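Dear colleague,

I am handing over the structure we spoke about, with the sequence alongside it. Please look it over, and then read the notes that follow.

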Amino acid sequence: MIVLALGKKGSGKTALIRKLAYLRLRSGLTPLILYHDPGAQIDHRRGALFTSVEDAEAYWRANKALPGLSVFRDVDVDELCLLAMQIKDVTLVIDELDRVCKGKHWESPAAKRIVHEGRHKRVDLFGTFRSTRNVNEDIIGQSDYIFLFRHGGGAYYDLQTVDLRLGPQWAQIARSLAPKHFAVWSDD
C-alpha cells in the first residue's frame with residue numbers, strides 16, 4: 001500500500017502520517033514501522049532511535065527483529081529503503097519524500113523499487129511531499145490513498161500538477177480546503 005500526504009509546510013501532513021503510522025502499529029496490521037524522521041518530529045521513546053542503518057542491521061541480526069517503532073534520523077533514505085526490502089512485512093514512513101524524486105528523476109533507486117515491487121515483499125510506503133511538482137508520476141500511479149491538503153493562492157504550479165495528475169476537480173478541492181483540512185483521493 002502506498003499512502004501520500006501532499007501539502008505545504010505546516011499544513012498537517014506530517015502529523016497525519018504520524019497518526020496513521022501509530023494506528024497501523026497499534027492495530028497489528030504491520031508489526032514493524034521504519035520511520036525516517038529528518039526533522040526529529042516523532043517521539044522515538046515509543047520505540048528505538050537509530051542514527052545509522054548499520055546499527056539497525058546489527059540490532060536485527062542480534063535480536064531477529066527490530067522494535068515495532070524504529071525511528072531513523074540522519075540516515076540515507078536509499079539505505080533505509082534497502083533495509084525495508086530486506087526485512088519485508090514492514091511499513092516504511094518517509095517524511096519529506098521529496099528527497100527520493102525530483103519530478104520524473106529518481107534520486108533513490110531503492111525507493112523506486114519499493115514503489116514498483118514493494119507490494120510483493122509486503123513493504124508499504126507512507127510519505128509526505130511539500131511540493132506536488134516533486135511527486136514522481138510512478139508514485140501517483142501506484143498510490144492507494146492520497147491525502148491532499150490545502151494549496152492556496154501562491155501554489156499555482158502545485159495546483160497545476162494536481163490538475164494534471166489527479167484531475168481538475170481535485171485541484172479545485174485543494175484550492176478550496178480550509179487550513180489543516182484535507183481531502184482523500186483513493187484508487188478505488
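Which backbone oxygen lies 3.3 Å from a polar atom of the side chain of K13? It is the backbone oxygen of G7, and the backbone oxygen of K8 lies 3.1 Å from a polar atom of that side chain as well. Please bear in mind throughout that this is a predicted model.

K13 itself lies in helix 1, and although this lysine is buried, it has no salt bridge. The nearest side chain of opposite charge belongs to D95, which is 6.3 Å away, whereas a salt bridge would require a side-chain nitrogen within 4 Å of a carboxyl oxygen.

Both K13 and D95 are also among the residues that line the largest pocket, for which the computed volume is about 160 Å³. The rest of that lining consists of K9, G10, S11, G12, T14, A15, Q41, E96, R130 and K180. By residue class, the lining of the largest pocket divides into six charged, five polar and one nonpolar.

Helix 1, which covers residues 13-27, also contains S27. S27 counts as partly exposed because its relative accessibility is 46%, a value that falls between the limits of 20% for buried and 50% for exposed.

With best wishes

How values were computed
Residues numbered from 1 in each chain as written. Predicted model: local features only at pLDDT ≥ 70, side-chain atom pairs only at ≥ 80, totals over all residues. Heavy atoms only, no water. Helix = DSSP H or I, 4+ residues; strand = E, 2+ residues; numbered from the N terminus. Buried < 20%, exposed > 50% of the residue type's maximum accessible area, 1.4 Å probe, protein only. 1 Å grid on protein atoms, 1.4 Å probe; cavity = no way out; pocket = protein on both sides within 12 Å on 5 of 7 lines; lining within 4 Å. Points joined across faces, edges and corners; volume = space filled by probe spheres on them. Nonpolar A, V, L, I, M, F, W, Y, C, P; charged D, E, K, R; others polar. Lys, Arg positive; Asp, Glu negative; His and termini not counted. Polar contact = N/O pair within 3.5 Å; in protein donor to acceptor, adjacent residues only side chain to side chain.
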